[in-house]
Amino acid sequence: MEGEGRSNFFTPPPQLPLKFIGLRETPNSTKNYAETKDRGKQQYCHEISQKEKTIDKNQALIQTLKIQLKELEEQGGSPALIDSKRNEMLIYQRKVEDAEATLLNKGPCLIETCSKHHGPAKDVMMEVESGQYADSCSDFKLVSPKKAAKIRNDVTISPIKTSNKFNELTNLDEDKTQIPTINLKMDSNYNLILQEINKLYPETENKLIRGFINIKTNSLENREGIINLLKKNGKEFILSESNEDRPLKVVIKYLPVDQDKDVLKSILEENGFKILRIGQLKNYRLKTPYPYFLVDVIKTPNHLNIYNIKTINHLKVKVESYRKKNRATICFKCSGFHHSAKNCECLPKCIKCAGRHETRNCEIKTVIENPICITCNGEGHLASWRGCPKFPKINKTLAKSTYAQKLKSNLTPPKSPNELR
């Protein structure tokens, strides 16, 4: 009896449920968890609503800017203001796209009873369940915002407007002929002749250049009238040439030194070129001719084809452009500078004796021992001497040194004092 009672006394009690040892959920903890979950759902719903407001607000601003842009383009507004409006519209469009991307990532609202986000979806489900569209739309399914297509607003961007600052050059009249000017030599009564020219031809322009009055007319008829008026009054003047009237100067090389110039002219004319004159280049110090012939070609539609000539009289030749020396030209008629005798309407003047005749017609055929310059009145030289103080000085443009030449000069080491001695 004692053994049995002892064994019963030490038998362990049965396992109790966890809720009797303090691990059960109390009503208060369950309520707090539900409230926290509801608050999270409400916060989630609030964030979705804020993004929707952002989309609506920016879309309204975009529509307003579209209207403003249309008015500015119709009224010809400032290009800078139009570009500013477009950039502002692009900023709002970017905000809309960012908000839509955030909504797609978040997904639908977690509050099923939310009338703002689930109202239309519930109505559709009720109509489907009631059988209103059961027969015709039995395959209808709701699509989550993540899988729905993004609705983009069509923003019409006008094409980029470009401008060409050289556009005015395209409006020039290509057929407008260039009217050469007239250079009237200055004298004491120049004002009287200018008054008469202005009275007869009021649209002329006069400008003083290098001791000559440059007269510019508006038509070839007026130019001819002024030339006749100047000749009638015995005035000295020099005519300018237009680019069309100036001949093309080329040099034909590697012909025989004794090549006949008349024969060469006839050969070139047989090939369809109009030749004004042909001269042979010479060495004026040694008085020996070069095998080079200077040819003046009148400008015609095919005058540039003269560069294609490769043979003359079965001899290989080379045709190059004439490279004029950088020095002042002397007129063979009046012994003046910066013009030729072909366009000179001044009185002739001999460079040797200062007589009223051309130098080539001078009776003095020998070397003058002590000549007098007709330009500076100095003794011992002629007006053609480059050392004359009145001889025009031409500024020679120095060739720019290359990068390699500059680098070579910088890398050259300086000489030591011993080497300088």
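Which residue caps the N-terminal end of H7? Asp-260 does. One of its side-chain oxygens lies 2.9 Å from the backbone nitrogen of Asp-262. That is a polar contact, meaning a pair of N or O atoms within 3.5 Å; within protein, one must be able to donate a hydrogen and the other to accept it, and residues adjacent in sequence count only if both atoms are side-chain atoms.

A word on the model. It is predicted: local features need pLDDT of at least 70, side-chain atom pairs count only at pLDDT 80 or more, and totals for chains, interfaces and linings use all residues. Residues are numbered from 1 along each chain as its sequence is written, and side-chain values use heavy atoms, with hydrogens and water left out.

Let's stay with H7. This helix runs over residues 261-270. Helices (H or I, at least four residues) and strands (E, at least two) are DSSP runs, numbered from the N terminus. The buried residues here are Leu-264, Ile-267 and Leu-268. They cover an arc of only 95° around the axis, so they sit on the same side of H7. The arc is taken from the directions from the helix axis to the C-beta atoms. Buried means under 20% relative accessible area, exposed over 50%, partly exposed in between (1.4 Å probe, protein chains only).

What covers that buried side? Strands E5 (248-253), E6 (275-283), E7 (288-297) and E8 (311-312) are among the cover. Contact means heavy atoms within 4.5 Å. The face turned away carries exposed Asp-262 and Glu-270.

Next, helix H3. It has 28 residues, 79-106. At 1.5 Å a residue it should span 40 Å, and its end C-alpha atoms are 41 Å apart, which agrees. The expected span is 1.5 Å times one less than the number of residues. Buried residues in H3 include Ile-82, Met-89, Tyr-92, Val-96 and Leu-103. Just after H3, Gly-107 takes a positive phi of about 90°.

Now the rings. How many aromatic pairs does the structure hold? It holds 2. In the pair of Tyr-290 and Tyr-292, the centres are 6.0 Å apart and the planes at 25°, so this pair is stacked. Rings of Phe, Tyr and Trp (its six-membered ring) pair if their centres lie within 6.5 Å; planes under 30 degrees apart count as stacked, over 60 as edge-to-face and the rest as tilted. Tyr-290 is partly exposed at 33%, and Tyr-292 is partly exposed at 26%.

The other pair is Phe-337 with Phe-391. Their centres are 5.3 Å apart and their planes at 80°, so they are edge-to-face. Both lie in the loop between strand E10 (318-321) and helix H8 (403-411), so the pair ties together parts 54 residues apart in sequence. Phe-337 is buried at 16%, and Phe-391 is buried at 9%.

Back to Tyr-292 for a moment. Lys-253 lies over its face, 5.4 Å from the ring centre. A charge sits over a ring if NZ of Lys or CZ of Arg is within 6 Å of the ring centre and within 35 degrees of the ring normal.

A polar atom of its side chain lies 2.8 Å from the backbone oxygen of Lys-349. Beyond four places in sequence, Ser-335 touches residues including Cys-350, Thr-359 and Ile-374. Asn-395 is in this loop too, but it is exposed, at 71%. Its C-alpha atom is 8.7 Å from that of Asn-326, 69 residues away along the chain.
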